[in-house]
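Subject: Structure handover and findings

Hello,

Here is the structure we talked about. Please open it next to this email and follow along.

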Amino acid sequence: MEPRHEGPQRSDAQRNRERILEVALVELSRSADVPMSVIAKKAGVGQGTLYRNFPHREALVLEVYRHEVSQVTDRAAELLKTSPPDQALRAWMDRLARFIMAKTGLAEALRQAATTPGGDFSGYSPVVESIQLLLNANHEAGTIRPGVTTDDFLLAIAGIWQIDVRGDWHAQATRLLDIIMDGLLTGAPGRRDQGSPH
């Protein structure tokens, strides 16, 4: 027996969801405070449809974030295939900085969502997994100091969010990330015999 309305309903629902995410990305990148009603209207869906897909603002913000950040996080594994672990880590840090600076509204919306009491932090997991992947590769190769955790790394790069996007953010982000990278390299066990795959 055929499932009731499964096919067309599913594809319409999927299209609605994708359209909401597309519009939300654009609008949230412009302003963290864009009303949900504006997102629904520009996506061409009713508020009921919007809330059926995303029961509250935080759910929408985190889903937009997950979708966008997957482009950044997928890059971690690609970089590790083509570059030594320390170079892959540094290149990925640049990619993350560009993402953050280009999506300042989204970053602010994410910060608001993350600080909501009882907020869902699962949106952070792809970034955390990418950082862990890169740190593990560097620990195995001995290219960064021992004992650096994902939490350490996140705290160290948190300053990126404080950079004023209206200034020369690229130069400032590069300096900041170079300082962090220098700190990560200091005391690395494989540092003396550069390039030795340990």
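H9 has 17 residues, which at 1.5 Å a residue should span 24 Å; its end C-alpha atoms are 24 Å apart, so the two agree. The expected span is 1.5 Å times one less than the number of residues in the helix. Helices here are DSSP runs of H or I with at least four residues, strands are runs of E with at least two, and both are numbered from the N terminus.

A word on the source. This is a predicted model, in which local features need pLDDT of at least 70 and side-chain atom pairs count only at pLDDT 80 or more, while totals for chains, interfaces and linings use all residues. Residues are numbered from 1 along each chain as its sequence is written, and side-chain values use heavy atoms, with hydrogens and water left out.

**More on H9**

The buried residues of H9 are Ala 173, Leu 177, Ile 180, Met 181, Leu 184 and Leu 185. Seen down the axis of H9, these buried residues fall within an arc of 135°, so they line one face of the helix. The arc is taken from the directions that run from the helix axis to the C-beta atoms. Buried means under 20% relative accessible area, exposed means over 50%, and partly exposed is in between (1.4 Å probe, protein chains only). Arg 175 and Ile 179 are exposed, on the face of H9 turned away from its buried side. Just after H9, Gly 187 takes a positive phi of about 85°.

**The chain as a whole**

The chain has nine helices and zero strands. From the N terminus on, its elements run α-α-α-α-α-α-α-α-α. Of the 198 residues in the chain, 39% are buried. Take the contacts with a separation of 6 or more: residues 24 or more positions apart account for 69% of them. Contact means heavy atoms within 4.5 Å.

**H7**

H7 also has 17 residues. From first C-alpha to last, H7 reaches 24 Å, close to the 24 Å expected at 1.5 Å a residue. Its buried residues are Val 127, Ser 130, Ile 131, Leu 134, Leu 135, Ala 137, Asn 138 and Ala 141. They cover an arc of only 155° around the axis, which puts them on the same side of H7. Glu 129 and Glu 140 are exposed, on the face turned away from that buried side.

Glu 140 lies in H7, which covers residues 125-141. Because its relative accessibility is 59%, Glu 140 counts as exposed. The C-alpha atoms of Glu 140 and Gly 190 are separated by 9.5 Å, with the two residues 50 apart along the chain. Gly 142 follows H7, and its phi is positive, near 70°.

In H2 (residues 36-43), Met 36, Ile 39, Ala 40 and Ala 43 are buried. Seen down the axis of H2, they fall within an arc of 100°, so they line one face of the helix. Val 38 is also found in H2. At 28% relative accessibility, Val 38 counts as partly exposed. Val 38 and Glu 27 are 11 residues apart in sequence and 8.6 Å apart in space, C-alpha to C-alpha. Just after H2, Gly 44 takes a positive phi of about 75°.

Thr 49 sits in H3 (residues 47-53). Its relative accessible area is 17%, so Thr 49 is buried. Not counting residues up to four places away in sequence, Thr 49 touches Asn 16 and Ile 20.

**The cavity**

The structure holds one cavity of 30 Å³ or more. A cavity is a set of points, on a 1 Å grid over the protein atoms alone, where a 1.4 Å probe fits but cannot get out; lining residues have an atom within 4 Å of a point. About 40 Å³ of space lies in the largest cavity. That volume is the space filled by probe spheres set on the points, with grid points joined across faces, edges and corners.

Which residues line the largest cavity? They are Asp 94, Ala 97, Arg 98, Trp 169, His 170, Ala 173 and Thr 174. H5 (85-102) and H9 (169-185) are the elements that give two or more residues to this lining. H9 gives the largest share, four residues. By class, the lining has three nonpolar, two polar and two charged residues. Ala, Val, Leu, Ile, Met, Phe, Trp, Tyr, Cys and Pro count as nonpolar, Asp, Glu, Lys and Arg as charged, and the others, Gly among them, as polar.

Best wishes

Definitions and conventions:
On a 1 Å grid over the protein atoms alone, a cavity is a set of points where a 1.4 Å probe fits but cannot get out, and a pocket is an open set with protein on both sides within 12 Å along at least five of seven lines; lining residues have an atom within 4 Å of a point.
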